[in-house]
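Welcome! Here is a short tour for anyone meeting this structure for the first time.

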Amino acid sequence: MRMPRFRNLLTKTALRIRWYLGEAVPLFLVGTALLFVLDRIGGLAAIANAARPVVSGLLGLPPKAAEIFVMGFLRRDYGAAGLFLMARSGALSNVQAVVALTVMTLFVPCVANFLMIVKERGLRTGVAILTFVTVMAVGTGAALNAALRIFHVVF
């Protein structure tokens, strides 16, 4: 092995930064604009309301968790922070926290990631991936919720 040349490191780093700024940042901006518009026209609230029966029924979580999952799709760190605050305030039991974190972990990371999938694979494949991952994440969370409750697992 040999030490890498400093100039080579700088060149590679500069090329990757340039790629990131040219490819990923525009998708983040488009995603942010889309989310802004959805928020202004009430779309985000409608999505959260539509998700409440699944979140409360299948996953056994409080209805407020639906908003957290929507925010988690927009920005994963917002979702994680929301779940942390719910757990800290006592709004989530330990079992609910495990179920919520499992679902959030398995779900598509964020809207920018989804847009990158669409860019690379096309809209049809991107929607198929989003649908499959959503069903898998919710299904896993529902199965986990049922198993933890059936076996009376306490953390």
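## Salt bridges and surface features

This predicted model holds three salt bridges.

| Pair | N to O distance |
|---|---|
| Lys119 and Glu23 | 2.2 Å |
| Glu67 and Arg52 | 2.6 Å |
| Glu67 and Lys64 | 3.2 Å |

Let us start with Lys119 and Glu23, whose side chains meet in a salt bridge. This pair links distant parts of the chain, with Lys119 in helix H6 (residues 111-121) and Glu23 in helix H1, 96 residues apart. Lys119 is partly exposed at 47% relative accessibility, and Glu23 is partly exposed at 28%.

Next comes Glu67, which forms a salt bridge with Arg52. Glu67 sits in helix H3 (residues 64-74) and Arg52 in helix H2 (residues 43-58), so the pair ties together parts 15 residues apart in sequence. Glu67 also meets Lys64 in a salt bridge; both lie in helix H3, three residues apart, or about one turn of the helix. Through shared partners, salt bridges join Arg52, Lys64 and Glu67 into one network.

Now to the helix packing. Helix H4 (residues 76-88) and helix H5 (residues 94-106) pack at an angle of about 175°, with their axes 11 Å apart. H4 and H5 are therefore roughly antiparallel to each other. Arg76, Gly79, Ala80 and Leu83 in H4 meet Ala100, Leu101, Met104 and Thr105 in H5.

Finally, the surface. Ile17, Trp19, Tyr20, Leu21 and Phe28 form a nonpolar patch there, together having about 510 Å² of accessible area. Leu21, part of helix H1 (residues 6-40), counts as exposed at 51% relative accessibility.

Technical notes: Residues numbered from 1 in each chain as written. Predicted model: local features only at pLDDT ≥ 70, side-chain atom pairs only at ≥ 80, totals over all residues. Heavy atoms only, no water. Patch = residues over 30% accessible without salt bridge, like charges linked within 9 Å, V, L, I, M, F, W, Y side chains within 5 Å. Areas by Shrake-Rupley, 256 points an atom, 1.4 Å probe, with all protein chains shown as cover. Salt bridge = Lys/Arg side-chain N within 4 Å of Asp/Glu carboxyl O. Helix = DSSP H or I, 4+ residues; strand = E, 2+ residues; numbered from the N terminus. Buried < 20%, exposed > 50% of the residue type's maximum accessible area, 1.4 Å probe, protein only. Axes fitted to C-alpha atoms, helices over the stretch in contact; angles between N-to-C directions. Parallel < 35°, antiparallel > 145°, perpendicular 65-115°, else oblique. Contact = heavy atoms within 4.5 Å.
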